[in-house]
Amino acid sequence: MPGSSLKFGTSGLRGLASELEGQAARRYTSAFLKHLAALGQDGGGRVFVAGDFRPSSAAIAQDCAVAIDAAGLQPVDCGAIPTPALALHAMAAGCAAIMVTGSHIPADRNGLKFYLPSGEISKEDEAGIMAALADDAVADRAVTSQDEAAAAYERYFRRYAGLLPESRLTGWRIGVFEHSTVARDMLGQLLRHFGAETVSLGRIDGFVPVDTEAFGDAVLAPLGGWVREHGLDALVSADGDGDRPLLMDRHGDFVRGDVLGLITARYLGARSVVTPVTSNSGIERSGAFSRVVRTRVGSPYVVAAMADAPGAVIGFEANGGTLVGQGVSAGGVALPPLATRDAVLPLLCVLGLAAGKDMPIDALVRALPLQHALADRLQDVPSDKSARFIERLGSDAAYAADLFAPHGIAGLSQIDGMQFQTSSGDMVHFRASGNAPELRCYVEGSTPDVARELLAWGLEVAAREVS
């Protein structure tokens, strides 16, 4: 669609809600269904649909249902549930699914996440959908969707109800920052199921975007105060569609998503770990895994690499969203594969491990061989400006050397964006977001102060260069 903001990024189709609602959502849904038919994966004639709580999601979900009905298939309404819950329920039925969500990006944006009956779509599937996209309008029609919201919620709850030993979290007081995440009720219910006392915090009826990697965002500012005010052992949350976790320890310090992923992989006995280049270098230093595979940022890349990894396989992104591959078990019970990001799994694993060892989360984290890592982003940076900056860093060695003169360059990785190892062994990584007009900066430092200084420097340099 010429001039449209809609495009596939690191996880699904994203763009302005005003451009997605209506015919665009119907056309992309129709294209997805045509692609399914071409693959011979109609999934028994039903397509499952769910959404998050952002203002545009209900109308866009209805547009998806209209297109599904127009294609001669049956839409199934799964309500407002986490993305992994939708994927789990649809895959159990052998059916395709569409999640209407903008995840953590601003409320004026939205998106579609497409799932084959076998799971999350690949980059090749994205190309197939685009090839099937047509300009033909999908007319209004009366649609009756099957209601399986309660069944989808219950299936997801049952997946994790036996993950930890019974009463493992007894004695723990855990805050749930509910805001507008579709995972809020599930998180509280599961924590109480394992014996924790929960405190509901920050629940709203509207929608607020929560980026679980941007710890400096104003929406997260009250959390540390809540930890102290309520005497919490931990505080948990998730992003809008419940596939990226957030964890704060008893001191009000955030635990990075890649640290959650690392602890989860160890808890579940993973032999292979698949994670993007932006995750902490301590994953390799831990020596806990037979194989660590680094990918570009985006769940499709992680999913693709997980398929070829040997042994029990866990994938996770730097945001903490955790994917389960083959051969994984918990407490001697097999945990069926679910190769899509999940926020609930890593939160339960980390809390369960800390409680089982009778140690606070901060002590659990301190025992890991981690560099001190931070990340933030510049918002409202047009993608072309980010691209020019990153391309110049990669093609103009003199420019990069001059820019990094205060720190030096000892190594470089171009798996996704530009990741520089400094002369002192620290790291600065610039990468354009695939979902929003943002330029992200990731750093690792030998001390917390070094990491903070590197991040401030990186953001200042990037802001200057793209202005």
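**Spaces and a helix pair**

Reader: How much space lies in the second largest cavity?

Author: The second largest cavity holds about 90 Å³ of space, where a cavity is a set of points on a 1 Å grid over the protein atoms alone at which a 1.4 Å probe fits but cannot get out, and a volume is the space filled by probe spheres on the points. This is a predicted model, in which local features need pLDDT of at least 70, side-chain atom pairs count only at pLDDT 80 or more, and totals for linings use all residues. Residues are numbered from 1 along each chain, and side-chain values use heavy atoms, without hydrogens or water.

Reader: OK, and which residues lie nearest the centre of that second largest cavity?

Author: Its lining (residues with an atom within 4 Å of a point) has 13 residues, and nearest the centre are Ser-11, Gly-12, Lys-113, Glu-120 and Ser-299. Strand E6 (109–116) and helix H11 (299–306) each give two or more residues to this lining, and E6 has the largest share, with three. Helices (at least four residues) and strands (at least two) are DSSP runs.

Reader: How many cavities of 30 Å³ or more are there?

Author: The count comes to three cavities of that size. The largest cavity has a volume of about 150 Å³, and among its 17 lining residues Glu-213, Arg-244, Val-297, Asn-319 and Arg-431 lie nearest the centre.

Reader: What about the largest pocket, what volume does that have?

Author: The largest pocket has a volume of about 670 Å³; a pocket is an open set of points with protein on both sides within 12 Å along at least five of seven lines. It is lined by 22 residues, and those closest to its centre are Asp-253, Phe-254, Val-365, His-372 and Ala-373. At least two lining residues come from each of strand E13 (254–255), helix H13 (361–366), strand E20 (372–379) and helix H16 (448–466).

Reader: Changing topic, how do the axes of H2 and H5 cross?

Author: The axes of helix H2 (residues 23–39) and helix H5 (residues 123–132) come within 8 Å and cross at roughly 115°. H2 and H5 are therefore roughly perpendicular to each other, a label used for 65 to 115 degrees.

Reader: And which residues in H2 and H5 meet there?

Author: On the H2 side they are Tyr-28, Ala-31, Phe-32, Lys-34, His-35 and Leu-39, which meet Asp-125, Gly-128, Ile-129, Met-130 and Ala-132 in H5, with contact meaning heavy atoms within 4.5 Å.

How values were computed. Axes fitted to C-alpha atoms, helices over the stretch in contact; angles between N-to-C directions. Parallel < 35°, antiparallel > 145°, perpendicular 65-115°, else oblique.
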